[in-house]
Amino acid sequence: MDSQKEALQRIISTLANKNDEIQNFIDTLNHTLKGVQENSSNILSELDEEFDSLYSILDEVKESMINCIKHEQARKSQELQSQISQCNNALENSEELLEFATRSLDIKEPEEFSKVHKNCINTLNKESCIFKKAFLFFFSFGCLY
């Protein structure tokens, strides 16, 4: 029986040692798990900060691009309004010149007719320059949008 008691003591001692080893391993695993959770939390926090920074930069770039587009639209609109106004004036002047030229066909005196003719030609050249300028401006835009 003594030998059995000794064998049982060795088994008990071995089991106690194995239980200590298992407990130490569990403690190590718990410590590792806590480290993984803390590291993951820190990484997620840093990731949130990084994306917040990127969103902020993207918002600034977006705002800048919106302002640039609005400025360009305003500039083009203003220039086109100016061209429309000039063309409307040129059209009105052209209609007046057309009426004047048509009435001048009834002039019988050569000297007076020559003066009227020169006046019509000069006015026509002036109006032609405005139209040329408007068309060049329009075609320089190409496709506006």
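View 1. E49 is located in helix α1, which covers residues 2-104; helices are DSSP runs of H or I with at least four residues, numbered from the N terminus. The model is predicted, so local features need pLDDT of at least 70 and side-chain atom pairs count only at pLDDT 80 or more, while totals for chains, interfaces and linings use all residues. Residues are numbered from 1 along each chain as its sequence is written, and side-chain values use heavy atoms, with hydrogens and water left out. E49 is exposed, its relative accessible area being 56% (exposed means over 50%, buried under 20%, and partly exposed in between, with a 1.4 Å probe and protein chains only). Together with E46, D48, E50 and D52, E49 forms a negative surface patch. Patch members have over 30% relative accessible area and no salt bridge, and like charges are joined within 9 Å. Asp and Glu count as negative, with the charge placed at CG of Asp or CD of Glu.

**View 2. The nonpolar surface patch that includes Y55.** L44, L47, F51, L54, Y55, I57, L58, V61 and M65 make a nonpolar surface patch of about 870 Å². Y55 lies in helix α1 and is partly exposed, at 49% relative accessible area.

**View 3. The salt bridge between K18 and E21.** The side chains of K18 and E21 form a salt bridge with an N to O distance of 3.6 Å; the criterion is a side-chain nitrogen of Lys or Arg within 4 Å of a carboxyl oxygen of Asp or Glu. K18 and E21 are three residues apart in helix α1, about one helical turn. K18 is partly exposed at 43% relative accessible area, and E21 is likewise partly exposed at 46%.

**View 4. The salt bridge between E72 and R75.** The closest N and O atoms of E72 and R75 are 2.5 Å apart in this salt bridge. Both residues lie in helix α1, three residues apart, or about one turn of the helix. E72 is partly exposed with a relative accessible area of 28%, and R75 is partly exposed with 38%. The count of salt bridges comes to two.

Notes
Patches are made of residues with over 30% relative accessible area and no salt bridge: like charges are joined within 9 Å, nonpolar side chains (Val, Leu, Ile, Met, Phe, Trp, Tyr) within 5 Å. Accessible areas come from the Shrake-Rupley method with a 1.4 Å probe; for residues, only the protein chains shown count as cover. Helices (H or I, at least four residues) and strands (E, at least two) are DSSP runs, numbered from the N terminus.
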